[in-house]
Amino acid sequence: MFVSENLNTNEKGHLTIGGIDTTELAAEYGTPLYVMDEQLIRKHCRRFKDGIDKFYGGKGLVCFASKAFSCKEMCKVVASEGLGLDAVSAGELYTAYKADFPMEKIGFHGNNKTNEELELAVDLGVGHIIVDNISELERLEKIAAEKGKRPHIMFRIKPGIDAHTHSFVKTGQIDSKFGFALETGEAFDAVKHALSCKNVELVGLHCHIGSQIFDIDPFEEAARVMLNFIADIKEKLGYAVPGLNLGGGFGIKYLNSDNPQPFEVFMERVSAAVKKCCEDLNLDQPYIYIEPGRSIVAPAGITLYTVGARKEIPNIRTYVSIDGGMCDNPRYILYSSEYEAVVANKANEERSEKVTIAGKCCESGDLIGENMPLQHAESGDIIAVCATGAYNYSMSSNYNRIQKPAVVFVNDGTSRVVVKRETLDDIIRNDV
Ligand code: LLP
């Protein structure tokens, strides 16, 4: 009935998440509120991990892309499921470190890492640093030499794959700020350079073709392109690159019309493509990494809001205004992303109207969506926006000096705050 499997209704006709009445969560913790179902997050971690075990003989690591949702408690959940982590800034690294995340299971990303970030990654002993460009390689070599360390690195490669997704979240094509180009020889020269470096060890190659991709073909194609490059390096430079990181990007269901393949199908097909290509090229099967972010957390989350004003503009549209908006969910204003919404206290009623859900920022584009089918919503009702577990809290801002909402985890009939709601004093904490 609802877009995510953890959502249902109870005998009062209220929306539930992980079996808990969402209107009770709103009453207990206030709104706006991010609610995440820990059981579903864990289930998704296991399905990816089991996929590597079943289809690739366990010779790989699933690294949760923490840019999708990062906080200490999330790092603890990910660690307890045996996954690794993809971190993309000093802040994400530090969060993992403070959550006692095993540093050797972290891949450190970023297209323009600062020296301070590189130093932190080396000091913390992250598993590998995914180097994006030659300037970074040179700076890292120097930092490693000064510290007497030899960090493991991978190179981020642009495989030249055009995935069918929003242009802002597309990354594998030639015209991208991320990584080394294959066809110009830039990537090959970088590998040659790295193999001559004393202070770094090249352990793998990385690609990420984009995000919210439903079609599995481009992932298979990217794996083939990368393996051909690995074969080329072996032939010309005599070095067998041991690791292959295929990035993240697996699409999820935001609307009932979205139809992603089960994770298992993705894992099976990509594993088969890697095996077959290794056979054809006479290569040893590499250790593989994948970096799912959205697919692990997005369906596990919802955001709860309280309705304030309702404005009916005859023959134009009806605005239903909520106590949050682009500060806690900037994805409509950025990508025109669509969501399913439900009036949580009327969840069994028919969605009888189509409305624009508007936020409270001084910005006309501050909308959660337009033309959204919804139950008749009035002041005081609770609206749930579904599948907001990824790139909502992590992309939230304090525009208009609005406090960020709390994040609550529900698990087996219980709930707990994992990120506190910001206070007005938090808003001015750095003001001098
Ligand atoms: N690995 C790398 C190197 C990435 O750049 C990303 C996402 C991921 C993994 C995880 O991708 P996922 O499985 O979550 O699709 N803010 C945008 C999404 C940006 C994705 C950036 N990179 C959104 O809200 O749709």
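**Figure 1. The loop that holds P32 in the predicted model.** P32 sits in the loop that runs between helix α1 (22-29) and strand β4 (33-37). The model shown here, and in the views that follow, is a predicted one. The peptide bond leading from T31 into P32 is cis. Its omega angle is near -10°.

**Figure 2. T22 in helix α1.** T22 belongs to helix α1. Its relative accessible area is 0%, so T22 is buried. The side chain of T22 reaches towards the backbone of L15, where the backbone oxygen is 2.7 Å away.

**Figure 3. Polar contacts of the ligand.** The ligand is surrounded by 19 residues. The closest of them are S211, E291, R294, R331 and Y391. Sorted by class, the shell around the ligand consists of six nonpolar, seven polar and six charged residues. An oxygen atom of the ligand lies 2.3 Å from an N or O atom in the side chain of S211. On the side chain of D86, an N or O atom is 3.3 Å from a nitrogen atom of the ligand. G293 takes part through its backbone: a backbone N or O atom of this residue is 2.9 Å from an oxygen atom of the ligand. The ligand taken alone would expose 580 Å², and the protein buries 91% of that area.

Figure 4. Q212 is placed in the loop between strand β11 (201-206) and helix α8 (217-237). The phi angle of Q212 is near 55°, which is a positive value in a residue other than glycine.

**Figure 5. N371, an exposed strand residue with positive phi.** N371 is part of strand β18, which covers residues 367-374. Phi of N371 is near 55°, a positive value although the residue is not glycine. The relative accessible area of N371 is 56%, and the limit for exposed is over 50%, so N371 counts as exposed.

Figure 6. Rolling a probe the size of a water molecule over the atoms shows where empty space is left. How many cavities of 30 Å³ or more does the structure hold? It holds one. The volume of the largest cavity is about 30 Å³. Its lining is made up of F48, G247, G248, G249, F250, F266, I290 and P292. By class, this lining has five nonpolar residues and three polar ones, and no charged residues.

**Figure 7. The second largest pocket.** This pocket has a volume of about 320 Å³. It is lined by 13 residues, and those closest to its centre are Y393, K404, V419, K420 and E422. The lining of the second largest pocket divides into four nonpolar, three polar and six charged residues.

**Figure 8. L85 in strand β6 and its separation from N256.** L85 lies in strand β6, residues 84-87. A relative accessible area of 1% makes L85 a buried residue. Between L85 and N256 there are 171 residues of separation in sequence and 30 Å in space, taken from C-alpha to C-alpha.

Figure 9. D123 is found in helix α5, which spans residues 115-124. D123 is partly exposed, and its relative accessible area is 46%. D123 and K147 stand 24 residues apart in sequence. In space, their C-alpha atoms are 8.3 Å apart.

Figure 10. Strand β19, residues 382-386, contains A384. Is A384 buried or exposed? A384 counts as buried, because its relative accessibility is 0%. A384 and A27 are 357 residues apart along the sequence. The distance in space from the C-alpha of A384 to that of A27 is 13 Å.

Conventions:
Residues numbered from 1 in each chain as written. Predicted model: local features only at pLDDT ≥ 70, side-chain atom pairs only at ≥ 80, totals over all residues. Heavy atoms only, no water. Near = heavy atom within 4 Å. Polar contact = N/O pair within 3.5 Å; in protein donor to acceptor, adjacent residues only side chain to side chain. Areas by Shrake-Rupley, 256 points an atom, 1.4 Å probe, with all protein chains shown as cover. Nonpolar A, V, L, I, M, F, W, Y, C, P; charged D, E, K, R; others polar. 1 Å grid on protein atoms, 1.4 Å probe; cavity = no way out; pocket = protein on both sides within 12 Å on 5 of 7 lines; lining within 4 Å. Points joined across faces, edges and corners; volume = space filled by probe spheres on them. Helix = DSSP H or I, 4+ residues; strand = E, 2+ residues; numbered from the N terminus. Buried < 20%, exposed > 50% of the residue type's maximum accessible area, 1.4 Å probe, protein only.
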